[in-house]
Amino acid sequence: MKAIIVVNPHAHSDASRESGSRLRDAISARLTDSLHLDQAEWCETDHPNHGRELAEQAVRDGYDYIFAAGGDGTINEVLNGLMSGASVAKTRPALGVLPFGTSNDFFASLQTTENAHVPPLQGVVTMPLDIGHVQFDSVERYFCLTVGIGMFSLANEQYLELSHYFSRRFAHIPAAITTAFTYRFRSGVHITRDGVQSRAKQLLTVMVNNGPRISGGIRVTPDAKLDDGYLDVAMVKAVSLLALLKLIFQVGIGTHLHSKSIEIGQIKTFTLTSRHALPLHVDGELIPEIGSKARQMTVKVLPAALQVVLPSLCALEVPVKDVV
C-alpha cells in the first residue's frame, strides 16, 4: 500500500508555513500506521494545476491513496486529477485531506459527515463521498464542495483579488461590500432542475453545494450532506440592495432559510442557461480557460463516486510551536 501527499507550499495555514521535517515525519508516521502503508511520499506543487498533474500521474502509478495538503483549491486540483485519471469508481485511489488551508471548509464538512455516523465508524479507514460534475460551455470540472455562477462568483473573484491586501482571513468583508454595490442582475435566466424546466427568472446568483460550509464557514445550505446522493442548490432572486444586505445578514446568523429572497432545494441534475455570460467559480477557484464566465452551467451529482480517508485519521495534532 502506498500514498502520495500533494502539498501546496503556499497554502495559508500556520501548519503549512511551519511544515518542517518534524511535522511531515509525524504525519507520515500516523498515516503509515493507520493505513498500513509501505510508502508515504510528499510532492510539492510549483505551478497552477500542478496538483492535478501529480494526481493523474499517481493514478497511473498505482497509488492507493492520494492526499491533498492545502486549501480547498489544492483539494480541487487533486480531485480533478484523481477523477480524470480513473474512470471507474472501484479503480480510483482514495482521497485524503490534510487541512493546510485557511478556512478548511471541506475538511470541516468531512468531520461533520464522519461524526454523523451512528454507531461511529469502526475498523474502516474510508467512507463514501458524493462528487459534483459541472460543465461550463466547453469546460468541465469535478468539485467536492461548491460551484456557483452570478453575484456570489463575482464576490469570490473580488475576494481572491482583495486577499492580497487584506489577507484571506479578512478579505470576505470588503469583497462582499464591493460586490453588493456593483453587481447587476441579468434577466432571462432559464433553469432546469431534475429535468423540469422553469420559466425565465431574474436571479442574482446560484450556488450548488455538496456540503454545508463554503467561503470560510458560511452555511448557505446548512442541511447539505456529502454522502446523501444529492446536491443542494441556493438561488438568490433579483432583489433591492436593501433586501440583499438583509439577506447577507440573515445568512450570517443562519435565519435565511425562511427568507423570500432565496430558494433552497435538493437536486441531482441542474442546468442554467443565460443570454449573458456570467461570472463563475468552482470550489472557490477561477476557470481561466474561459475567463471565469459562461452562458451555460450543467451540474450533476455522482453519488458515492469516491472513497475518502476519515478526517479523524488526518487531523493535525502536532503543535506548531514544537515544529522545527
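Biologist: Which strand gives the most to the lining of the largest cavity?

Modeller: In this predicted model, four strands, β7 (146-150), β8 (186-193), β10 (201-209) and β13 (269-282), each supply at least two residues of that lining. One of them contributes four residues, the most of any element. That strand is β10.

Biologist: How many residues line the largest cavity, and which lie nearest its centre?

Modeller: The lining of the largest cavity comprises eleven residues. Those nearest the centre of the cavity are G150, L203, L204, T205 and L278.

Biologist: How much space lies in the largest cavity?

Modeller: Rolling a probe the size of a water molecule over the atoms shows where empty space is left. The structure holds one cavity of 30 Å³ or more. The space in the largest cavity is about 60 Å³.

Biologist: Is L37 buried or exposed?

Modeller: Residues under 20% relative accessible area count as buried, whereas those over 50% count as exposed. L37 has a relative accessible area of 7%, so this residue is buried.

Biologist: Which residues does L37 touch, not counting residues up to four places away in sequence?

Modeller: K2 is 35 residues from L37 in sequence, yet their C-alpha atoms are 5.4 Å apart in space. K2 is also among the residues that L37 touches. With neighbours up to four places away left out, L37 touches M1, K2, A3, L31, T32 and Y65.

Biologist: Which residues form the aromatic pair, and is it stacked, edge-to-face or tilted?

Modeller: A search of the whole structure finds one aromatic pair. Its members are Y65 and F67, with 6.5 Å from centre to centre and 35 degrees between the planes. Both Y65 and F67 are buried. Planes under 30 degrees apart would count as stacked and those over 60 as edge-to-face, so the pair of Y65 and F67 is tilted.

Biologist: Among contacts between residues at least 6 apart in sequence, what share joins residues at least 24 apart?

Modeller: The protein has eight helices and 14 strands, and buried residues make up 52% of its 324 residues. Among the contacts in question, the share joining residues at least 24 apart is 75%.

Key. Residues are numbered from 1 along each chain as its sequence is written. This is a predicted model: local features need pLDDT of at least 70, side-chain atom pairs count only at pLDDT 80 or more; totals for chains, interfaces and linings use all residues. Side-chain values use heavy atoms; hydrogens and water are left out. On a 1 Å grid over the protein atoms alone, a cavity is a set of points where a 1.4 Å probe fits but cannot get out, and a pocket is an open set with protein on both sides within 12 Å along at least five of seven lines; lining residues have an atom within 4 Å of a point. Grid points are joined across faces, edges and corners, and a volume is the space filled by probe spheres set on the points. Buried means under 20% relative accessible area, exposed over 50%, partly exposed in between (1.4 Å probe, protein chains only). Contact means heavy atoms within 4.5 Å. Rings of Phe, Tyr and Trp (its six-membered ring) pair if their centres lie within 6.5 Å; planes under 30 degrees apart count as stacked, over 60 as edge-to-face and the rest as tilted.
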